[in-house]
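Biologist: Can you put the model up and walk me through it? Start with whatever terms I need.

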Amino acid sequence: GISGKTAWKISLKLRELAEQRQVICITHLSQIASMADTHFMIHKEAVNGRTVTNISRLDDNESINELARLLGTDGVSDSALGSAKNMRKEALEAKQNRLSGEVKAR
């Protein structure tokens, strides 16, 4: 396990890698997931005694809801949604700062 601050720094490093390469990252850490350009949901279910895996691309609202879910309670509360929106906003700002030559680490 790593702390939120460390997860954020890892997300910044992954973003740097993504400038030159394709990065596919499976994570349950919202700090890392918030930095992604595209989000996918991987969902497994049992169908007729077999496990079936489905992958679907999430739109912006679905991404925010999934980030809120990763923040960790039984349901998605208004405060978790607010935190997810803020985290996504900070990630987008970090990307823009990186593109403009400013790297802001926490």
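Modeller: A contact here means heavy atoms within 4.5 Å. Of the contacts in the protein chain between residues at least 6 apart in sequence, 41% join residues at least 24 apart.

Biologist: What should I know about the source and the numbering?

Modeller: This is a predicted model, where local features need pLDDT of at least 70 and side-chain atom pairs count only at pLDDT 80 or more, while totals for chains, interfaces and linings use all residues. Residues are numbered from 1 along each chain as its sequence is written, and side-chain values use heavy atoms, with hydrogens and water left out.

Biologist: How many helices and strands are there in the chain?

Modeller: The protein chain has 4 helices and 2 strands, in the order α-α-β-β-α-α along the sequence. Helices (H or I, at least four residues) and strands (E, at least two) are DSSP runs, numbered from the N terminus. The C-alpha trace spans about 55 × 35 × 30 Å along its principal axes.

Biologist: What percentage of the residues count as buried?

Modeller: Of the 106 residues, 26% do. Buried means under 20% relative accessible area, exposed over 50%, and partly exposed in between (1.4 Å probe, protein chains only).

Biologist: Now the strands. How do β1 and β2 run?

Modeller: β1 and β2 run antiparallel, joined by 9 bridges; strands pair if DSSP finds at least two bridges between them. V47 stands opposite R50 in β2. Between the strands of this hairpin there are 2 residues.

Biologist: Is N48 buried or exposed?

Modeller: N48 counts as exposed because its relative accessible area is 79%.

Biologist: And L58, buried or exposed?

Modeller: L58, in strand β2, counts as buried because its relative accessibility is 14%.

Biologist: Which residues does L58 touch?

Modeller: Leaving out residues up to four places away in sequence, L58 touches H39, F40, M41, S63 and E66. F40 is 18 residues from L58 along the chain, and their C-alpha atoms are separated by 5.4 Å.

Biologist: Changing topic: how much space lies in the largest pocket?

Modeller: About 930 Å³. On a 1 Å grid over the protein atoms alone, a pocket is an open set of points where a 1.4 Å probe fits, with protein on both sides within 12 Å along at least five of seven lines; lining residues have an atom within 4 Å of a point. Grid points are joined across faces, edges and corners, and the volume is the space filled by probe spheres set on the points.

Biologist: What lines the largest pocket?

Modeller: It is lined by 29 residues, of which C25, A36, T38, H39 and F40 lie nearest its centre. α3 gives the most to the lining, with 5 residues.
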